[in-house]
Amino acid sequence: MGKFTRRALLGSVGVVAIGALAYGGSRVACRYVPRNHPDFFSLIDVPDAPVVRRIGALALDRAGGAGGLDALAAALAERPLIREALATDCPTTRKGLVQDACAADFAEERTVVVDGWVLSETEAALCAGRALSA
Amino acid sequence: MIADLRSGAAPAEISGDVCVVGTGPAGITLALELARKGKTVVLLEGGGPIYEEESQDLYRGAVTGHDHIDVANSRLRQFGGTSGHWTGLCAPLDPLDFEKRADMPTHGWPVTREELNPFYARAQDYLDLGPFKYELADWSAVLPHKALPLDPAKVFTDVYQESPPTRFAEKFYDRIANEPRIQCWMHASLTDVTLQDGSDVVRSITARTLDGRQTTVKAKTYVIACGGLENARILLNCRKQRPAGLGNERDLVGRYYTDHMTIETTTVMFNEGVDTSLYATDMEAAGTKLLIGLKLNPDLIKSMGLNNNSAFLVPQYDKEVYNDDFRDYGWIAFSTMLKTFSRGHVPDRFAERYCDMTDDLGQVATGVYRHAVRSFMPPVQPARVYKLRQDAEQSPNPDSRVTLITDKDPLGLNRIALDWRVTSDDLLKLRRTHQVIGAAIGAAGLGRMRLGIGEKPDLELAYSAYHHMGTTRMHDDPKQGVVDRDCRVHSVANLYMAGSSTFTTGGCANPTLTVVTLAIRLAEHLAVAA
């Protein structure tokens, strides 16, 4: 086995340091870059609770699996009230908009039954998202 | 006049304008109404003035279908009939219940709700109810709470009234005894109906006691008013001149038996702050006790092909002390005895009630304890979780039926087998009904629902409401019904049926109000025809 020289050591440290710097710098820089894939499910305040994930997993089973988190998020974001919720910073307003979206689902018979619960498609999808992001 | 056939005082032949068999709500109402119109009435009661084991035993039979039902003790063979133990909840059938429906070919009465309205209004007094008002709008001005803000195109708030409940024996015994146009014979069980030779006219009926005394009753018109099961049994037993039984030429007597499926399942969780006080079990307005429920819009029921249903909210508490799951036969017997003793009377069927109470002493003790605790420690917060309780309608089903078995009672009449059919379709319709209610609650932002009926329904959820209906159903077409719109047996000129056996379909309203209504209507008809 060859001898590990001082030059090799410094080189390795340099590579790691540059890599760390690049990664750290990128993370900082990225904070200021508008994102196409926001942390959707945190934004609309769905609690990350076991019961939510369980209902979400059942909803996914019932739907025969979904197209993944991104597809689910994209589908949800097509709903005007959810889009509006994503664009607002106020948690109370967000919550109200999500509730309105659910109420609209119920009124327009967009409901699903998951583990006996009669849910709006929106809330079932949000629970499914939590299950996928867990 | 009230007399006892066992006394030997009865003549060999008794006569009157009308012979009414049965002294339940239908028979007593009919007799009183006819007497008021100047008709003489022979009123026969198979039992005595109070409960007797020997008489009640005549009701014993077999249960061959869905077995959450009973044929021996759910009805009473005594003066006053089954009003001796009914619970008193009343509502008229809905206009929808009378309609013909494209999705159910055998649905639809030959009369409309509008035709029955004047008789419904008169029936209220018999049952000690308030005014004939069963819509929320009739009561909203005097109700202390608001209805849930649900979309009325889907779900609306429905009103029932509660009778004390009226015990016909207590309320009408003296009136019958003092009415000169009525002669009432106790212990007089109908054992045969005789037609005039070669005709479709009843010539006489035979009434017997268990100790062998017998009399013949002759009248212009005969009415059998013995309840949903017994009416069919009597017709099927009259085989002397009609081998298939009276009125049973088309094998319809006993078919289309229907009941209300008593089901307490499906949970509703309301959001904090939602006021459900209107739906409490102790609601009273302008002196009338009410029970308020949720019902689907009739147009939606038709478009979705559902059955009718009223769902009532039963509160569920985390702390068991506030729950009412101790209300079993024992508790009912105990509370009935307590109420009757407190009025200074000895309860009827004392021994039976005492034994019911003793058998269920644990539940009685639980009930007493919980009531005591509640009196000084009422629930801090109103309930937010409720179960839906209902007496749900079934679709008309000719295979659900009463038939005779070989076993005979001491009077020589064959006993019955009841093959009550509860189907997955009935329960799936109820599940869809609940889903609509759940969606309406969700749309209003009031809460969420968890269904208690699965996609593959558990039939064991359904219990009989002991509302025996449909076994001599009313229909204009003799191929589809045993009696015509006037409740006359299609194939017999002067024989009529009264009571819930004539119901074409069951709706979801408790039947007693409609039983009394149809009896008043029949009396009007017979006052002219008899």
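This is a predicted model: local features need pLDDT of at least 70, side-chain atom pairs count only at pLDDT 80 or more; totals for chains, interfaces and linings use all residues.
**How many bridges join strand 2 of chain A to strand 18 of chain B, and do the two run parallel or antiparallel?** Two bridges tie strand 2 of chain A to strand 18 (residues 447–450) of chain B, and the strands run antiparallel. Look for Val118(A), which sits opposite Met449(B) of strand 18 of chain B.

Twelve residues of chain A are in contact with ten residues of chain B. On the chain A side, helix 6, strand 1 and strand 2 (117–120) each put in at least two residues. Helix 6 of chain A gives the most, with five residues. Sorted by class, this side of chain A has seven nonpolar, four polar and one charged residues.

**Zoom in on Arg110(A), in the loop between helix 6 (91–107) and strand 1 (111–114) of chain A.** Leaving out residues up to four places away in sequence, Arg110(A) touches Asp105(A), Ser120(A) and Glu121(A). For a sense of scale, Gly24(A) is 86 residues from Arg110(A) in sequence and 45 Å from it in space, C-alpha to C-alpha.

**Next up is helix 4 of chain B, which has a kink of about 35 degrees centred on Phe119(B).** The helix covers residues 113–126, and its 14 residues should span 20 Å at 1.5 Å a residue; the end C-alpha atoms are 19 Å apart, which agrees. Phe119(B) is also among the buried residues of helix 4 of chain B, along with Leu116(B), Tyr120(B), Ala123(B), Gln124(B) and Tyr126(B). What do these buried residues pack against? Their partners are helix 1 (25–36) and helix 13 (512–529) of chain B. After helix 4 of chain B comes Asp128(B), with a positive phi near 55 degrees.

**This view shows strand 3 (residues 41–44) of chain B, with buried side chains pointing both ways.** Val41(B) and Leu43(B) point one way, Val42(B) and Leu44(B) the other, and all are buried. Four bridges link strand 3 of chain B to strand 2 (residues 13–21) of chain B, and this pair is parallel. Val18(B) stands opposite Val41(B).

**An open sheet of three strands in chain B runs in the order 4-17-16, with mixed pairing.** Strand 4 (62–63) and strand 16 (401–408) of chain B are the edges, each pairing on one side only. Strand 4 of chain B meets strand 17 (residues 414–419) of chain B through two bridges, running parallel. One thing to pick out is Val63(B), whose bridge partner in strand 17 of chain B is Leu418(B).

**The last close-up is helix 12 (residues 424–443) of chain B.** From first C-alpha to last, its 20 residues reach 28 Å, close to the 28 Å expected at 1.5 Å a residue. Why call helix 12 of chain B largely enclosed by the rest of the structure? Because 15 of its 20 residues are buried. Gly445(B) follows helix 12 of chain B, with a positive phi near 70 degrees. In an unreviewed entry, UniProt lists residues 396–519 of chain B as "domain: Glucose-methanol-choline oxidoreductase C-terminal". That span is 23% helix and 19% strand, and its end C-alpha atoms lie 23 Å apart.

Key:
Residues are numbered from 1 along each chain as its sequence is written. Chains are lettered from A and ligands numbered from 1 in the order in which they are written. Two residues are in contact if their C-beta atoms, placed from the backbone, lie within 7 Å. Ala, Val, Leu, Ile, Met, Phe, Trp, Tyr, Cys and Pro count as nonpolar, Asp, Glu, Lys and Arg as charged, and the others, Gly among them, as polar. Two strands pair if DSSP finds at least two bridges between them. UniProt positions are given in the numbering used here, feature names are shortened, and annotations may be inferred rather than shown by experiment. The expected span of a helix is 1.5 Å times one less than its number of residues. The bend at a residue is the angle between axes fitted to the seven residues ending there and the seven starting there. A residue is buried if 20 or more other C-beta atoms lie within 10 Å of its own, exposed if 12 or fewer, and partly exposed in between; C-beta atoms are placed from the backbone.
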